[in-house]
Amino acid sequence: MIQVNSSGHLTATQRYEYKGTIHLHSRYSDGSSTVPKIIQKAADAGLDFVMLTDHDSLAAMHDGYEGWHNQVLLLVGQEISPHTHHYLAFDLDKEIPGKYREDHQTLVNEVTEAGGFGIIAHPHGGKKPPLFRVKGHAWKDWSITGYTGIEIWSYMIDWVDSVNLLTFMYYYFYPEKAITGPRPETLCKWDGVAQERHVVGIGSTDAHAKPLPIFRFIKFFPYEYLFRTIRTHVLLNEPLSPQSLPDSKRLIYDAIKAGHCFIGYDLLADSMGFTFMAETPGGAALLMGDEGLFEGGTDLFISVPQPASIRLIRDGVLFHNAHGKMLRLPISQAGVYRVEVYYDDQPWIFSNPIFLRKTKE
Ligand SMILES: [Zn+2]
Ligand SMILES: [Zn+2]
């Protein structure tokens, strides 16, 4: 049963929320910091977990860094990095080499066969050099199957997309002005895949903190800044236990695979406490990421930590718009429902969908 607790948040069973950063690089590939420094910066930024993804490397795991470092849990995955089709792969104990490979479906299958799971990185790529080192690397073949999720919103891609030689200095000093939210074509692709099957959305920074090829005196956004921007919040049934790496790892990975997570641009406002649930007529509560058969009389519940503009999207189309802290909405149709929240007219929170499928006739 969904209830409203003392702080105004809806709870089905007790949920434990943790925030982290997914997709970043250390000196084991092309990032500028060592792993211990990254962990320190994550602690300073108040993160609970870090999912490191060096290009084609699990060296941080082989060197014993995976685990709890005081309050921060470091999990080591890799960014499988062929020329195109970058794939963030987790829960592996040995590398899957990606360089020069073009058999992208095989790469996805290899991750699954090794017991891991993966997320499509920067599906629509980024700008080309010379101003930036971010290259295309787009995900071109959407006939590929077997991936768990898609990186919906990447801080660096979003920032780089807004910037050119003329506007660079302005956006360097006012970076938040360049943050316009997930790319429409990425959201459209996510909504399209979600019509067919369960698919998870995550947010990332793609942090490298490297000096720019030109303006070499400027070290591009440092980790400590990026760790305060786009975060993925996971919702767990039980608290993480710093005594046990295997249990903690399982809880976080399972929550991400289930889509029990949302993306918050926390530099704008802390998104901790955001809730999106559905309650069926039988009293069952579905959390974001859950999939079920639609039954008439289902209610959707949305609660946000600050009054904001709440947009409910159904099957990729705006379905309901409201301003406030809480929304309860009866729905009468099956569909894939997700929530976007805008704070002060800026993109703030993107939930995972609740998949309410049609019953077969
Ligand atoms: Zn990449
Ligand atoms: Zn990357």
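## A strand and a helix

Five bridges connect strand β9 with strand β10 (residues 200-204), and the two run parallel. Strands are DSSP E runs of at least two residues and helices are H or I runs of at least four, numbered from the N terminus; two strands pair if DSSP finds at least two bridges between them. The model is predicted: local features need pLDDT of at least 70, side-chain atom pairs count only at pLDDT 80 or more, and totals for chains, interfaces and linings use all residues. Residues are numbered from 1 along each chain as its sequence is written, while chains are lettered from A and ligands numbered from 1 in the order in which they are written.

Strand β8 (residues 117-120) also pairs with β9 in the parallel sense, over two bridges. One bridge partner from each pairing is tabulated here.

| Residue | Bridge partner | Strand of partner |
|---|---|---|
| Ile120 | Ile150 | β9 |
| Ser154 | Ser204 | β10 |

Six of the six residues of β9 (residues 149-154) are buried, so the strand is largely enclosed by the rest of the structure. A residue is buried if 20 or more other C-beta atoms, placed from the backbone, lie within 10 Å of its own, exposed if 12 or fewer, and partly exposed in between.

In helix α8, the buried residues are Ser248, Leu251, Ile252, Ala255 and Ile256. Viewed down the axis of α8, these residues fall within an arc of 125° (taken from the directions from the helix axis to the C-beta atoms), so they line one face of the helix. The face turned away from that buried side carries the exposed residues Pro246 and Arg250. Just after α8, Gly259 has a positive phi of about 75°.
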